[in-house]
Amino acid sequence: MSTDDTVQTPGEHTPVAGEAASEPGESSSRSRFSRRTFVGASIAVGGATAVATHFGAVAAGSRPVVRALAGTNQSLANETSVEEKVFNDVCAVNCWQTCYLKAHVRNGRLTKTAMNPFPETRYNRICLRGLSHAQWVYNPARLKFPMKRVGPRGSGRWKRVTWDEALDTIATSMASIRDRYGSKAFAFWPLSGNYGTVAAYGPSLLANVFQATTITGGIDMAIPLGTGQVGLPSVFMGGNESLDLSNADLAVMWGCNLTESMVQEWHFVADAKDRGATLVVIDPNFSITASKADKWIPLRPGSDAAFGLSVLNVLLSEKLYDEAFVISATTLPFLVRDDDGMFLRAGDGKTILAFDPSTSSAQPAGNVPHPALTGSYSVNGVAARPAFTLLAERVAAWTPEYAQQFTQVPPADVRWFARIYAGTKRSYI
């Protein structure tokens, strides 16, 4: 980093929030959200801010490891007399794995990182990201201090400022936006880096205090929103551990380029393929993972939901589903009221009902061994249908032929995937 006040860094940078000065004549009420208030509101994110700065932006270019480790006068890598200490550490990049590392330190400087063995030896892997931490730490472009843009956007001209000035600038800008347009006009985009652990939770707390808007990545976040509202765990980082991929007979990589994004996990898929497993990749891009697939399905970007509905259409129309599982482990047998779309409940207002064909009556769902999945019924004057019926009606129009206009996936490929997925017991998505 340059010793001059103004530094030149490659590429375009996002400006610090609140960089623009207040307009003349604006009310002093904006200062109510002062630096002290800002610090108080974000006290819970102080540690996160420090860590985020620690793992700050790295220039696109890279330097040889020896240069990155070099001291002021000579390279520690060439010294043989210094004592080396090895510490246990974990990799902290955004690949969901946090691999176990050994950190080698000489004369107080990190010189290299290496693989640390796991108790489960099949996890003993490390990738180039894990081996490059020394370059991250000592990269000359690593951010260590608050920087404020002093040139036109995209010029790459920045000036080092104090933490007080940075916090005052941000707090003043936030207050200005709130006073002009309301607090909802200020938005946080928190999900990034190390799966958002550092950059998500802290800013989200500050957004809550400020009553701001939060933005998250993705085309449609209805799945995690819906699962959260009904008390289920998030779809993120859920399911079996990665090692179980090696047991799959069908591995489906849906929008997942494992060979690049989670290099250390790929060998589990390779183990499954060696056993004869089929690998299907659903991705608009012909990724490296797609190049290893038995079947690549290149759907149109953003059409995943349409593709899923067309697959579901095939599963239901061809009766490829496991009816025993549907009855015992899903809500599809539950009766749904026609009038308000809510589950039909008994007089206690709690017990959900299913229709029992053997008695031609609605009974508590858990007491009906073979509930009706289709049909329309009247229960004490209330019209209701099983949720399965509603689902079948919802996807009836989404034939592979109809969905093709959105997905650009040939109907034959949809039917092939639905059939192999339904017919393979040990499938992994």
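1. Cys 127 and its closest cysteine. In this predicted model, the cysteine sulfur closest to that of Cys 127 belongs to Cys 91. The two sulfurs are 6.0 Å apart, which is too far for a bond. A disulfide would need the pair within 2.5 Å.

2. The structure holds zero disulfides.

3. Cysteine burial. Cys 127 is buried, at a relative accessible area of 11%. Cys 99 has 6% relative accessibility, so Cys 99 also counts as buried. The cut-off for buried is under 20%.

4. The three-stranded sheet. Strands E12, E16 and E15 form an open sheet, in the order E12-E16-E15. The pairing is antiparallel. Strand E12 covers residues 335–337 and strand E15 covers 377–379. Both are edge strands, each pairing on one side only. From one strand to the next, the twist averages 45°.

5. The E12–E16 pairing. Strand E16 spans residues 382–386. Three bridges join E16 to E12, and the two strands run antiparallel. For a residue to check on screen, take Arg 337: its bridge partner in E16 is Ala 384. In general, strands of a sheet pair through backbone hydrogen bonds.

6. The helix over the sheet. Which strands does helix H14 lie across? They are E12 and E16. Helix H14 comprises residues 387–395 and runs at about 70° to E16.

Conventions: Residues are numbered from 1 along each chain as its sequence is written. This is a predicted model: local features need pLDDT of at least 70, side-chain atom pairs count only at pLDDT 80 or more; totals for chains, interfaces and linings use all residues. Side-chain values use heavy atoms; hydrogens and water are left out. Two strands pair if DSSP finds at least two bridges between them. Helices (H or I, at least four residues) and strands (E, at least two) are DSSP runs, numbered from the N terminus. Axes are lines fitted to C-alpha atoms, for helices over the stretch in contact, and angles run from 0 to 180 degrees between N-to-C directions. Contact means heavy atoms within 4.5 Å. Buried means under 20% relative accessible area, exposed over 50%, partly exposed in between (1.4 Å probe, protein chains only).
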